[in-house]
Amino acid sequence: IIGGKLLNYNTNARWTDTEVLVVEADESDGNLPLFEADYGVITNIEWEHTDFFRNLSDIQNTFYEFSKKIKKAIIVPECDKNLLGSSRTLGLYTYGISNQADFQVQCIERQKDYTHFTVTICHGEQHVFELHVPGEHNVMNACAAIGLAYLFRVPLNTIEAGLKTFI
């Protein structure tokens, strides 16, 4: 369930025969810490939604409180991991271009209609992916999704096939 419409499905929701429910939520109204989940993904922690939050510290606290309610694992940008506090180490995975990231993006090659990039997974296996939406932020979002799918033990070839059709 997401806030916008997926072009692939012409809807904002899709149900399948699985016990997994994925929800896109944001911090814009401060309700993010009300969610409880087994897994979480944070795509960025930055100064935004200035109509609701007084300062960056308020936003950081919202994400910190959200992260405390994640039961199994949370995936965050490598550059933001310290904002969650030192109390969360179990089930903390990172993504980004840093060598320290658990899911590290490398070799971004932009073409007219797609982007190829390599992800090194947990400092070991490498896999090349293709994405048909532009922008480095979409590559990073895809990397977070790859990380979450990997934690669910989705085969990398299946993840690759899914990303190729995402528009």
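Contact between two elements means heavy atoms within 4.5 Å. Axes are lines fitted to C-alpha atoms, for helices over the stretch in contact, and angles run from 0 to 180 degrees between N-to-C directions. The model is predicted, so that local features need pLDDT of at least 70 and side-chain atom pairs count only at pLDDT 80 or more, while totals for chains, interfaces and linings use all residues. Residues are numbered from 1 along each chain as its sequence is written, and side-chain values use heavy atoms, with hydrogens and water left out.

Helices (H or I, at least four residues) and strands (E, at least two) are DSSP runs numbered from the N terminus, and two strands pair if DSSP finds at least two bridges between them. An open sheet of six strands with mixed pairing has the order E1-E2-E3-E4-E5-E6. Strands E1 and E6 (126–131) stand at the edges with a single partner strand each, so one side of each lacks a neighbour in the sheet.

Strand E2 (residues 70–77) runs parallel to E1 (residues 37–41), to which four bridges join it; Ala-73 in E2 is the bridge partner of Tyr-39. The chain passes from E1 through helix H1 (residues 56–68) to E2 in a right-handed β-α-β crossover (clockwise from the first strand over the helix to the second, with the strands pointing away from the viewer). Helix H1 lies across E1 and E2, at about 140° to E2.

Strand E4 (residues 103–110) is joined to E5 (residues 115–121) by six bridges in the antiparallel sense, and Glu-109 stands opposite His-116 in E5.

Notes
Buried means under 20% relative accessible area, exposed over 50%, partly exposed in between (1.4 Å probe, protein chains only).
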